[in-house]
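Please keep the sequence and the structure at hand while reading.

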Amino acid sequence: MKRFAPCLTTLAVLAFGEAAVAQSPDTGKSACYEVIPPQPNAQPRTPMLVDRCSGRTWLLAKSGRSAGYRWVRVTTDDTPPPSPGAAQAKAPPSDARNCFTFNNRRFCE
Amino acid sequence: MRRWRNVLLLLSACLFLMQAGAALALTVEDLHGAKIELRVNYDMRVRRAEGDFSTTMDVLWRMSVSDGKISGSVTRTVTTPRGPRTRSHQMNGAIGQPKQAATGSGHALWILEGDKLTLLRTFETGGLKAEITINGSSCTVRAPLVREQGAGNTKRSDSVVGGSVEVLSARQTSGSCRISR
C-alpha cells in the first residue's frame, strides 16, 4: 500500500485541492504534483506527471515486459556542474538511444 | 471540471499500476535482505600489448542488499591461449550514491528505478550498464558494455590477466539471474 501513497496523495490533492492544503501544512510536498492530460496538438499523447517543486517530470508509458503501465522519468541533456571529488550521475540511466551520462561522460550501447 | 478530469485520469493510472504488479516501482525496502547472483557471458575481441585476440569472458556477481547497501564480489574468468584466468574483487556501494570503483579507474553507481536495479560502471574509457529486471522472486539480467561517445574503444586498466585491455567488440551471449532471501 505504501508504494501507492504518492499516487493516492496526488489523487487526494487533486480532488480536494486548496481545502486539503489549507487544512494541513504537511501536504505542501504533495501539492507539488500535477497530472497534465494529453494535449490535443502536442506530443507525446500521454499523461504527464509534473513535480512543480523540483521540475521532475514523468510520462505514463506502457511497460515493455507486461501489460501494465508505469511512470517513466523524463531526462534532459543539461548536466549539473561537477563538484570536486564527487561523481555526478543523472537518473534514469537510459534514454531513447540507450545512452546515459555519468560524471559528465556520455555512454551509449 | 478540469480538476475532476485530472482526478479521473490519475485514478485510471493508479488502477493500471495496481493491476500491473510486475511493473510497479521497486523500493529499497523491497530489496532488503535479497541475495542476487548474476552470471553473464560475453564473446569478445580484445587488444593487448601482444596483439588482438578473440576471447570469452564469464562474469559472476554475488551480492546482497541491506538497507540500500549492496555488497558482494565480482569474479571474471576469461579464456586465454594458456587456459582460463580468473580475477575476483570485493565490491560495495549504496543505491543512488556514486563512488570510485573498487578496482581500476572509473566510478560505479547503483540506481533503483521502476522494476530495474541498474549498475552503471565506467572504466578508463567506456563502461558497463548492468540492468537487473526484478519481478517478485525472479529476475533477468542484461549487461552490455557501453561505448563512450568520442572516446574510441572501451579500455580498462584492470584486465583479468593484468595490465590494460582494449575491447574491440563485446557481445553478451547469455545471462542468468537468481534472487533469494
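## Disulfides and their surroundings

B:C177 has a relative accessible area of 13% and is therefore buried, since buried means under 20%. The model in which this residue sits is a predicted one, and each value below is computed from it. The sulfur of B:C177 is bonded to that of B:C139 in a disulfide, with an S to S distance of 1.9 Å. B:C139 also counts as buried, because its relative accessibility is 11%. The torsion about this S-S bond is -100°, and the link of B:C139 and B:C177 is left-handed. The two cysteines belong to distant parts of the chain, with B:C139 in strand β9 (residues 138–142) and B:C177 in strand β12 of chain B, 38 residues apart.

Over all chains the structure holds two disulfides, and the other joins A:C99 to A:C108 with an S to S distance of 2.0 Å. Here the torsion about the S-S bond is about 105°, so the disulfide of A:C99 and A:C108 is right-handed. Both of its ends are buried as well: A:C99 has a relative accessible area of 2%, and A:C108 counts as buried at 8% relative accessibility. The table sets out the two links.

| Disulfide | S to S distance | Torsion about S-S | Handedness |
|---|---|---|---|
| A:C99 to A:C108 | 2.0 Å | about 105° | right-handed |
| B:C139 to B:C177 | 1.9 Å | -100° | left-handed |

## The hairpin in chain A

Chain A has one helix and six strands, and from the N terminus on its elements follow the order α-β-β-β-β-β-β. Of its 109 residues, 36% are buried.

Strand β5 (residues 99–102) of chain A is covered on both faces, with A:C99 and A:T101 buried on one side and A:F100 and A:F102 buried on the other. In a regular strand, side chains alternate between the two faces of the sheet. Strand β6 (residues 105–108) of chain A pairs with β5(A) in the antiparallel sense over four bridges, and within this pairing A:F100 stands opposite A:F107 of β6(A). The two strands form a hairpin with two residues between them, and A:N103 in the turn has a positive phi of about 60°.

## The six-stranded sheet in chain B

In what order do the strands of the open sheet in chain B lie? The order is β4-β3-β2-β1-β12-β11, a set of six strands with antiparallel pairing. At the edges are β4 and β11 (154–156) of chain B, each of which pairs on one side only. Neighbouring strands of this sheet are turned by 30° against each other on average, with direction ignored.

Strand β12(B), which carries B:C177, runs antiparallel to β1(B) and is joined to it by 13 bridges. Along this pairing, B:R39 stands opposite B:S176 in β12(B), while B:Y42 stands opposite B:Q172 in β12(B). Strand β12(B) is also joined to β11(B), again in the antiparallel sense, by three bridges, and there B:K155 stands opposite B:E166 in β12(B).

Elsewhere in chain B, B:G127 lies in strand β8 (residues 127–135) and is buried, with a relative accessible area of 0%. The C-alpha atoms of B:G127 and B:H107 are 9.3 Å apart in space, although the two residues are 20 apart in sequence.

## The second largest pocket

The second largest pocket holds about 730 Å³ of space. Its lining has 41 residues, of which B:M57, B:R76, B:R156, B:S159 and B:V160 are the closest to its centre. Which strand gives the most to the lining of the second largest pocket? Strand β2(B) does, with six residues. By residue class, the lining divides into 23 nonpolar, ten polar and eight charged residues.

Notes:
Residues numbered from 1 in each chain as written. Chains lettered and ligands numbered in written order. Predicted model: local features only at pLDDT ≥ 70, side-chain atom pairs only at ≥ 80, totals over all residues. Heavy atoms only, no water. 1 Å grid on protein atoms, 1.4 Å probe; cavity = no way out; pocket = protein on both sides within 12 Å on 5 of 7 lines; lining within 4 Å. Points joined across faces, edges and corners; volume = space filled by probe spheres on them. Nonpolar A, V, L, I, M, F, W, Y, C, P; charged D, E, K, R; others polar. Disulfide = S-S within 2.5 Å. Buried < 20%, exposed > 50% of the residue type's maximum accessible area, 1.4 Å probe, protein only. Pairing = 2+ DSSP bridges. Axes fitted to C-alpha atoms, helices over the stretch in contact; angles between N-to-C directions.
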